[in-house]
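Dear colleague,

I am handing over the structure below, and after it I set out what was found there. Please read the notes with the structure open beside you.

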Amino acid sequence: MAPGPLIYLDVDGPLIPFGLEPSFYPLFGPSPQDDENPLLGRLDPAHGPRLKALPGELAWATTWLHDANDSLSPRLGLPRLPVVDWPEPSDSDEFNARIGLHWKTRPLLDHAQDRPFAWIDDEISDIDRDWVSGHHAAPALLHRVDPQRGLTGDDYRELDEWLRESRRP
């Protein structure tokens, strides 16, 4: 049986909302330590069980890199997850920026190889969707999250439905 879909997870925006007055966001314990990102208090631990319930393989796709496993996974009750290591800047970065392609798009396609995947991020555009549909043979969902609200129940329902559907032959 083929492996299930990958679920690429960004942190800032989907899990740690931002963009509104700080008093708008509820805070969750434990309080961040002095050497931790002060926005960790906005990380709702209820995301952990909801993420674990999604039918796919979670992977961090964030600039937090391996710090996501150290700082976020324990607060969410998640195991250590695979981390997408971003490549060094290259000549294609300027081209990508010129056409409006997100800098994560090509590396995620390389990482996914021919597997179905869902990418959860707050910076996804139609240009990224078009690029993926033209360069990735397997099903892919590029799910944009409102960074001011973060992942919501509607987002989880849509993701769950798509991930289950992508497993069907």
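Is L65 buried, partly exposed or exposed? Please keep in mind, before the answer, that this is a predicted model. L65 is partly exposed, because its relative accessible area is 31%, and partly exposed covers what lies between the limits of under 20% for buried and over 50% for exposed. This residue is found in the loop between β2 (57–60) and α2 (67–76), and L65 has a positive phi of about 50 degrees although it is not a glycine.

A positive phi also occurs at Q113, which is not a glycine either and has a value of about 55 degrees. Q113 sits in the loop that runs between α4 (105–112) and β3 (117–121), and with a relative accessible area of 59% it is exposed.

As background, most residues other than glycine have a negative phi, and most peptide bonds are trans. The peptide bond from G29 to P30, however, is cis, with omega near -5 degrees, and P30 lies in the loop between β1 (6–9) and α1 (47–53).

Turning to the aromatic rings, a search of the whole structure finds three aromatic pairs. One of them is formed by F24 and Y25, an edge-to-face pair with 5.3 Å from centre to centre and 90 degrees between the planes. Of these two residues, F24 counts as exposed at 54% relative accessibility, whereas Y25 counts as buried at 6%.

Note on methods
Residues numbered from 1 in each chain as written. Predicted model: local features only at pLDDT ≥ 70, side-chain atom pairs only at ≥ 80, totals over all residues. Heavy atoms only, no water. Helix = DSSP H or I, 4+ residues; strand = E, 2+ residues; numbered from the N terminus. Buried < 20%, exposed > 50% of the residue type's maximum accessible area, 1.4 Å probe, protein only. Phe/Tyr/Trp six-rings, centres within 6.5 Å; stacked < 30°, edge-to-face > 60°.
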